[in-house]
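Welcome! Take a look at it first, and then read on.

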Amino acid sequence: MQGKQSVFYINERKASASAELSCLLKKCIEKTDRVWEEIIILCIGSDRITGDSLGPLIGHQLSKCRWRNIRIYGTLDYPVHALNLEATLDKIKRRHPSSLLIAVDASLGSKKHVGFITVGCGALCPGAGVHKALPSVGDIFITGILNVSGTFEHFLLQTTRLSFVVQMAETISEGIIQAFARPCPKPRLLPDPWDQPAEGWRRFREKDSQTAALSIESSSGSIS
């Protein structure tokens, strides 16, 4: 569940949902106001609870992609959840000190927003929907609203239909993959065909023979 940032809602049932997510994700990255050298996608959730398995399902799909300087944490084999979140965040800080962190999680919301994807700049608060006190996570957040918040949240997550979660995971995974799509099969960190503002993406140096780093300078104004 996210904090008080501006939140953009995407109806997962729309055919254009993945494309809309891709566009908004790229805009959020462009607005990041600090230098970073790699991207971490942290997919939060437990594979033991149907409604909470959204993050691990997305991490599983993204882990199949071959990206340079984009790392995936949280998969079906190695989920990141309440019991190991803090340890994982410490590991990320040690291993990736100059990274941009995109946090992905399931969430609960109002009845009218069930089935929507949210994306925005800022951190999310994992576990807030089920009253868990966990550290805020991320420079950018993506969530899938899978059920209604209110009472019996744990029960609602346990009884969420698997087909619903899988479809949501596929849509979000496809949106993220589109955001980092490339026109050719050669592995690269980020694609050339992005519409890059003058103060946006630019490759600024080669770290070594195998990795490349990027700098991003935020343009002012709100996401539109």
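What you see is a predicted model. In its protein chain, residues 24 or more positions apart account for 72% of the contacts with a separation of 6 or more. The chain has 224 residues, and 49% of them count as buried.

**Overall make-up**
- The protein chain contains 5 helices and 8 strands.

**The six-stranded sheet**
- Six strands form an open sheet with mixed pairing, and their order is β1-β5-β6-β4-β2-β3.
- At the edges lie β1 (8-11) and β3 (70-73), each of which pairs on one side only.
- On average, neighbouring strands of this sheet are turned by 20° against each other, with direction ignored.

**A closer look at one strand pair**
- Strand β5 (residues 116-121) pairs with strand β6 (residues 140-148) in the antiparallel sense, over 5 bridges.
- To find a spot in this pair, look for Val119, which stands opposite Ile142 in β6.

**A helix on the sheet**
- Helix α2 (residues 54-62) packs on the sheet, where it touches β2 (38-43), β3, β4 (99-109) and β6.
- The direction of helix α2 makes about 140° with that of β2.

Notes
Residues are numbered from 1 along each chain as its sequence is written. This is a predicted model: local features need pLDDT of at least 70, side-chain atom pairs count only at pLDDT 80 or more; totals for chains, interfaces and linings use all residues. Side-chain values use heavy atoms; hydrogens and water are left out. Helices (H or I, at least four residues) and strands (E, at least two) are DSSP runs, numbered from the N terminus. Buried means under 20% relative accessible area, exposed over 50%, partly exposed in between (1.4 Å probe, protein chains only). Contact means heavy atoms within 4.5 Å. Two strands pair if DSSP finds at least two bridges between them. Axes are lines fitted to C-alpha atoms, for helices over the stretch in contact, and angles run from 0 to 180 degrees between N-to-C directions.
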